[in-house]
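Open the model in your viewer and keep the selection tool at hand. This tour goes from stop to stop, with a short note at each.

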Amino acid sequence: MKKKLAILSICSALSFSLLVGFPTKITKAAPEKEHYVLAYKGQLPDNYSESISKAGGTVERVISEIGVIEVVSENPAFLSKVKEDTNIQSAGRELEAYLETDPDDAVNFTPGTPNGQKVTLNSDAESYWDKQWDMQRITHEGDSYELNKGNHDTVVAVIDTGIDFSHPDLKDNVDIVGSKTFVPGTNDAWDQNGHGTHVAGSIAANGKVKGVGPDLTVRAYRVFGATGGAQQSWITDAIVTAANDGVEVINMSIGGWRWMAQNLDEKGDSASMVAYQRSIQYAIQKGVTVVVSAGNDSKNMGDLHDMQAYWKETYGIDIKGPSRVVPAQIPGVITVSSSNEWSNTSIAFYSNYGNGIDVAAPGGDNGPLYDSLYRQNPTGNYLDKRDFTYRTLSTYPTYPVAGGNATTQFSDGQWHGYSYLHGTSMAAPKVAGIAGIIKAAHPEYSPSQVAAAIRQSSIDFGKVGNDPLYGAGEANIYNFLSKNRSIK
């Protein structure tokens, strides 16, 4: 994976010489490479490569459909020079997005060692359906499967860490041929993290665990490596490519708080924000429904003061104006908060919320005891009070990956492809799966019609009507299908 900042190794040595005039050798640090995003006005001009080269840059990625280019340069004056091009709307240093990490990271959760309290699964069990409280609820105990399981012609793009294409619960529904990677230095979309495989299982698993649409097709668009973040242009490229490939739905369980404060430039949106907005609008215009996670920061996305305080306390950064969480607050997406098993009035302790929430979906949590302690004191350490069975069980790579098998062990002591995880990352793909089923039933539906169907068929949790926690309510595919029983 390419780095935004070059690693500088500086060795300082004081040399004293008894010989007058002995020259001192000074080693200069290599120029620092920076990656930039350029967003042009309208279509790319014919001479864009020449003007970038004159400014001291090298083109690395071209997304011509939306007039966006990724550039690398060692010239510290590159940005000021390239902005002299009147064809450019916005130019700036490329920003980096991150996966929504495990909410317990805030209290020093160490993946793989949760105090010896892993959940043991019977490796010989024919099914883990009895442990999928989340899927039982949104499918009405599996009744939705009798009405519509989706079909292989309906494709949900998983823009994430990749997928384990060999997983027994996914291999019949995953499109390995159509999957792609956008991570430099990689040549395939196999999952080396675990996140993407868990997400894919929530959409289309069909085996020991079930997804929302056991006959839907999932396709990997890999933008994350085993660890670390993803450059904005990789995500932008993946969105545009998936739209060009004709997918029906895109799922992005991707966070943006760590660069939220930087998404406004001196004259408006930063280039990375322009790229994000253009790519999503491009996908929507192509008929693609885009589903995203709200984020795991327990913050009100509509409260600027809350956001400013969070950034000041966490990162020491002062926000001096309006900011947005991306992709959660980009117009046109379906933004999903996380509900839990035990309450229909309180969402998961970690979930972001606010007026931008469209619906909630089961993302799980650590149970009511942990929740009550956390809400009394969010900075406390309650690791020994967690109950992982309140999280969501889904597919996980069948081989060791960077994240480890965080919360699950197996009766035979071997490595198996299932794990309990929680987060808005686990909530969003439930809604993406629902969107896939709706498109399978109604291929003619536009993204706005799909979104309306999801909202209208949700269960009204929380306050009556739309509210900042659940939006329209908790998404439920059975509610939609039961009203359209003639559609298979």
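Buried means under 20% relative accessible area, exposed means over 50%, and partly exposed lies in between (1.4 Å probe, protein chains only). This is a predicted model, in which local features need pLDDT of at least 70 and side-chain atom pairs count only at pLDDT 80 or more, while totals for chains, interfaces and linings use all residues. Residues are numbered from 1 along each chain as its sequence is written, and side-chain values use heavy atoms, with hydrogens and water left out.

**Stop 1: Val 119**

Select Val 119. At 12% relative accessibility, Val 119 counts as buried. Val 119 belongs to strand β6 (residues 119-121). Helices (H or I, at least four residues) and strands (E, at least two) are DSSP runs, numbered from the N terminus. Thr 407 is 288 residues from Val 119 along the chain, yet their C-alpha atoms are separated by 6.3 Å. What else is in contact with Val 119, leaving aside neighbours within four places in sequence? Besides Thr 407, the list holds Phe 388, Thr 389, Thr 408, Gln 409 and Tyr 420. Contact here means heavy atoms within 4.5 Å.

**Stop 2: aromatic rings**

Rings of Phe, Tyr and Trp (its six-membered ring) pair if their centres lie within 6.5 Å; planes under 30 degrees apart count as stacked, over 60 as edge-to-face and the rest as tilted. The whole structure has 12 aromatic pairs. Select Tyr 36 and Phe 78. They form a tilted pair, 4.9 Å centre to centre, with 50 degrees between the planes. The pair links distant parts of the chain: Tyr 36 sits in strand β1 (residues 34-40) and Phe 78 in helix α2 (residues 78-82), 42 residues apart. Are Tyr 36 and Phe 78 buried or exposed? Both are buried.

Move on to Phe 349 and Tyr 370. Their ring centres are 5.1 Å apart and their planes stand at 50 degrees, so this pair is tilted. Phe 349 lies in the loop between β16 (334-339) and β17 (359-362), and Tyr 370 in helix α10 (residues 368-376). Both residues are buried.

**Stop 3: two helices**

Show helix α5 (residues 195-204) and helix α11 (residues 424-441). They pack at about 35 degrees, with axes 8 Å apart. Axes are lines fitted to C-alpha atoms, for helices over the stretch in contact, and angles run from 0 to 180 degrees between N-to-C directions. Among the α5 residues that meet α11 are His 195 and Val 199; Met 426 and Pro 429 are among those on the α11 side.

**Stop 4: salt bridges**

A salt bridge is a side-chain nitrogen of Lys or Arg within 4 Å of a carboxyl oxygen of Asp or Glu. There are 11 in the whole structure. Select Glu 50 and Lys 54. Their closest N and O atoms are 3.3 Å apart. Both lie in helix α1 (residues 48-54), about one turn of the helix apart. Glu 50 is partly exposed at 46% relative accessibility, while Lys 54 is exposed at 65%.

Next, pick Asp 175 and Arg 219. This salt bridge has its closest N and O atoms 2.7 Å apart. Asp 175 is in the loop between β7 (155-160) and β8 (180-181), and Arg 219 in strand β9 (residues 217-222). Asp 175 is buried at 19%, and Arg 219 is buried at 11%.
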